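Me: I would like to go through the terms used for this model one at a time. Please set each value against its definition.

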Amino acid sequence: MDCRSDQELLEIVHGSRLHTAKGKVADYIPALAKADPDSLSVAMAFPDGNCYSAGDVEKKATLQSISKVVALALALLDNGEEYVFHRVGMEPTGDPFNSIIKLETTKPHKPLNPMINAGALAVTSMIKGDSLDERLSRLIQLCELITGERGIGYNEEVAMSELETADLNRSLAYYLKQYDVIEGDVEAVMELYTKQCAIEMSCVGLAKIGLVLAMDGKDPLTGETILPPRVASICKTFMVTCGMYNASGEFAIRVGVPAKSGVSGGIMAAVPYRCGIGIFGPSLDERGNSIAGWDLMEQMSKKYDLSMF
Ligand SMILES: NC(=O)CC[C@H](N)C(=O)O
């Protein structure tokens, strides 16, 4: 049985909210430390157009690593599979998202997948456009097309805060430039990447992204192809193998759906042919996933039998 009311979700939110106290808001990007650790919101979007939600649904938050999925889709559309995977691999790392270690030990020196920071920086550098503004607006336009929402923007304070403190990401990007994985100006890539990570939406927007991926790239109401099925399939596969950082294996066992998280506490999930799920809950566990969001996903997976395995 699928969810049929906001009230059903509210009951699950009440239970999961108890977990927020056990986690911690990300503070390595100083502006993210301002988030309310007790905040929690969830939305489930269905192919029939119904969307149920509960918690602090109106609150917008930044995508952070969830943006890596949309950026990958755009880089694939711009360059094709062969070009992209010549520069970025397809394997999970088992390491934290910002780790540099395998970049040096793997030969050739290309990032192992597009969901870790090194891989995402390479992918972002492949987005086409004549200027940084054009590249960013193409990415935002794709977000608008997928969510069906207009007026999506990015949070300037969060973007600046990350750009000023992103020394680790900067070192990953310069390392990649050395080995020609990133071409062109590293600082421009850094600026685009931090703005991309700071794109803002509510949990409803996240659920809509999940829904389009769940429906193989189609808008279920109009039947319009928003992303080619192959692109949607690649995105979902990476979400299963690498979407929840170095907790992706455990998440597959406990929840069993393609999902991508971000350090703002977002989780975007695509339950094949059933629904899209969006969550924001800024309090994180030690691996950088929303602690209450993870619990919500587990409870929803049990209640609605969501696991694809
Ligand atoms: N895990 C994340 O959400 C990381 C995104 C963040 N902008 C970073 O690059 O560190």
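Me: What makes strand 7 and strand 8 a pair, and in which sense do they run?

Reply: Strand 7 and strand 8 (residues 275–280) share 6 bridges and pair in the antiparallel sense. Two strands pair if DSSP finds at least two bridges between them, and strands themselves are DSSP runs (E, at least two residues; helices are H or I, at least four), numbered from the N terminus. One of the bridges has I277 in strand 8 as the partner of A269. The two strands form a hairpin with 3 residues between them, and Y273 in the turn has a positive phi of about 60 degrees.

Before going on: this is a predicted model, in which local features need pLDDT of at least 70 and side-chain atom pairs pLDDT 80 or more, while totals for chains, interfaces and linings use all residues. Residues are numbered from 1 along each chain as its sequence is written, and side-chain values use heavy atoms, without hydrogens and water.

Me: How do you know that strand 6 and strand 7 are joined?

Reply: Strand 6 (residues 259–261) and strand 7 run antiparallel and are joined by 3 bridges. In strand 7, I267 is the bridge partner of S261. The hairpin of strand 6 and strand 7 has 4 residues between the strands, and G265 in its turn has a positive phi of about 95 degrees.

Me: Why is strand 7 called largely enclosed?

Reply: Because 6 of the 6 residues of strand 7 (residues 266–271) are buried. Buried means under 20% relative accessible area, exposed over 50%, and partly exposed in between (1.4 Å probe, protein chains only). G266, M268 and A270 point one way, I267, A269 and V271 the other, and all are buried.

Me: Why is A247 called buried, and what does it touch?

Reply: The relative accessibility of A247 is 1%, so A247 counts as buried. A247 lies in the loop between helix 11 (229–242) and helix 12 (248–254). Leaving aside residues up to four places away in sequence, A247 touches R287, N289 and W294, where contact means heavy atoms within 4.5 Å.

Me: Is C51 buried, exposed or partly exposed, and what about C235?

Reply: C51 has a relative accessible area of 29%, so C51 is partly exposed. C235, at 0% relative accessibility, counts as buried.
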